[in-house]
Amino acid sequence: MQNFLYSSQQIILVVSDNFNSSKAKLSCYEDGKKVLNTIDVNIGTNGLAWGIGEFKLKQKNNDPIKKEGDKKAPAGIFKLVSTFGYYEKQTFNLNYIFLSKKLICVDDSDSKDYNKIIQMPKLRPKSFEQMRRKDDQYELGVVVAHNKDQKKQAGSCIFLHVQKSKDASTAGCTSMSLAQMREINLWLDGSKNPILIQVPKSSLKEIKELFPTLPL
């Protein structure tokens, strides 16, 4: 765990007031220093629930646990593995996925492709979402590595993406304006092992202990 913590030079920190809030604050840090402006973001309609990330943070017995379709954004610490968008060429420093009309993200828990972005197969999954959406929420975004081992019903297709509207909560992702999303995409650098820390305020003390250089 220590190697993982020390290798992460870029951190996106999303903090909500509590597990039930659909609003949060997002701040960016690099090498222990704050960069970019803190912004307001939308999270799950039903708030946060503990997801499956790089390691387990302290949890209380009555804390909510992330489940498929619960409209909660995952809380925890997650790798940020790729950016994505509707334009074929982008000059980002994190792996970029061009979202063609053939790409889907599978949220069918019984599928072997559960929680993966794939080209539409001949045998369609029972449940999936089109990545090239008509509402442009995925015009730019970032893939959050939640539930990488595809645990059934543990939640899927988690992203940072463009908001539907200023105050619109999400089905489980974290959203912001297109301009804010672009600024973050341009900043992220795969060589700096970027991560997302997404927690309620009650977990900030533990985050400070794990990441003592963060100016929280």
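Colleague: Where is G47 found?

Modeller: In this predicted model, G47 sits in the loop that runs between β3 and β4, the latter being residues 48–50.

Colleague: Is G47 buried or exposed?

Modeller: G47 counts as buried, because its relative accessibility is 0%, and the buried class covers values under 20%.

Colleague: What is G47 in contact with, leaving aside its neighbours within four places in sequence?

Modeller: With that exclusion, G47 is in contact with F19, N20 and S21, and also with K71, K72 and A73. Take K72: 25 residues separate it from G47 in sequence, yet their C-alpha atoms are 5.0 Å apart in space.

Colleague: Let us turn to another loop residue. Where is the place of F92?

Modeller: F92 belongs to the loop between β5 (73–85) and β6 (96–98). F92 counts as buried, since its relative accessibility is 10%.

Colleague: And which residues does F92 touch, not counting those up to four places away in sequence?

Modeller: On that basis, F92 touches T83, L140, N185 and L186. There is also a distance to G190: from C-alpha to C-alpha it is 9.3 Å, although F92 and G190 are 98 residues apart in sequence.

Colleague: N185 brings us to a helix. Which residues of helix α2 are buried?

Modeller: Helix α2 spans residues 178–187, and its buried residues are M181, I184, N185 and W187. Viewed down the axis of α2, these buried residues fall within an arc of 165°, so they line one face of the helix.

Colleague: Why do residues three or four places apart point the same way in an α-helix?

Modeller: An α-helix has 3.6 residues a turn, so residues with a spacing of three or four places point the same way.

Colleague: What lines the largest cavity?

Modeller: Its lining consists of L26, C28, L36, N37, I39, Q180, E183 and I184. At least two of the lining residues come from each of β2 (23–30), β3 (33–42) and α2. By class, five are nonpolar, two are polar and one is charged.

Colleague: L26 is on that list. What is L26 in contact with, neighbours within four places in sequence left aside?

Modeller: L26 is in contact with I12, L13, V14, N37, T38, I39, V41, M176 and I184. L26 is also one of the residues that touch the most other members of the largest nonpolar core, together with I12, I77, I197 and F211. That core has 44 residues. A second, separate core has eleven residues, among them L99, L103, M131 and V143.

Colleague: What volume does the largest pocket have?

Modeller: The largest pocket has a volume of about 400 Å³. It is lined by 24 residues, and those closest to its centre are E129, T170, A171, G172 and C173. The lining divides into six nonpolar, nine polar and nine charged residues.

Colleague: And the second largest pocket: which residues lie nearest its centre?

Modeller: Of the 18 residues lining the second largest pocket, W50, G51, I52, Q59 and I65 lie nearest its centre. The volume of this pocket is about 250 Å³. β5 gives the most to the lining, namely three residues. The classes are eight nonpolar, five polar and five charged.

Colleague: A question on the backbone, then. What is the phi of Q150?

Modeller: Q150 has a positive phi of about 60°, although it is not a glycine. Q150 lies in the loop between β10 (140–144) and β11 (159–162). C157 is found in the loop between β10 and β11 as well, and its phi is near 55°, a positive value in a residue other than glycine.

Colleague: Is C157 buried or exposed?

Modeller: C157 is buried, because its relative accessible area is 5%. Q150, by contrast, counts as partly exposed, because its relative accessibility is 24%.

Note on methods. Residues numbered from 1 in each chain as written. Predicted model: local features only at pLDDT ≥ 70, side-chain atom pairs only at ≥ 80, totals over all residues. Heavy atoms only, no water. Buried < 20%, exposed > 50% of the residue type's maximum accessible area, 1.4 Å probe, protein only. Helix = DSSP H or I, 4+ residues; strand = E, 2+ residues; numbered from the N terminus. Arc of directions from axis to C-beta. 1 Å grid on protein atoms, 1.4 Å probe; cavity = no way out; pocket = protein on both sides within 12 Å on 5 of 7 lines; lining within 4 Å. Nonpolar A, V, L, I, M, F, W, Y, C, P; charged D, E, K, R; others polar. Contact = heavy atoms within 4.5 Å. Core = buried A, V, L, I, M, F, W, Y, C linked by side-chain atoms within 4.5 Å. Points joined across faces, edges and corners; volume = space filled by probe spheres on them.
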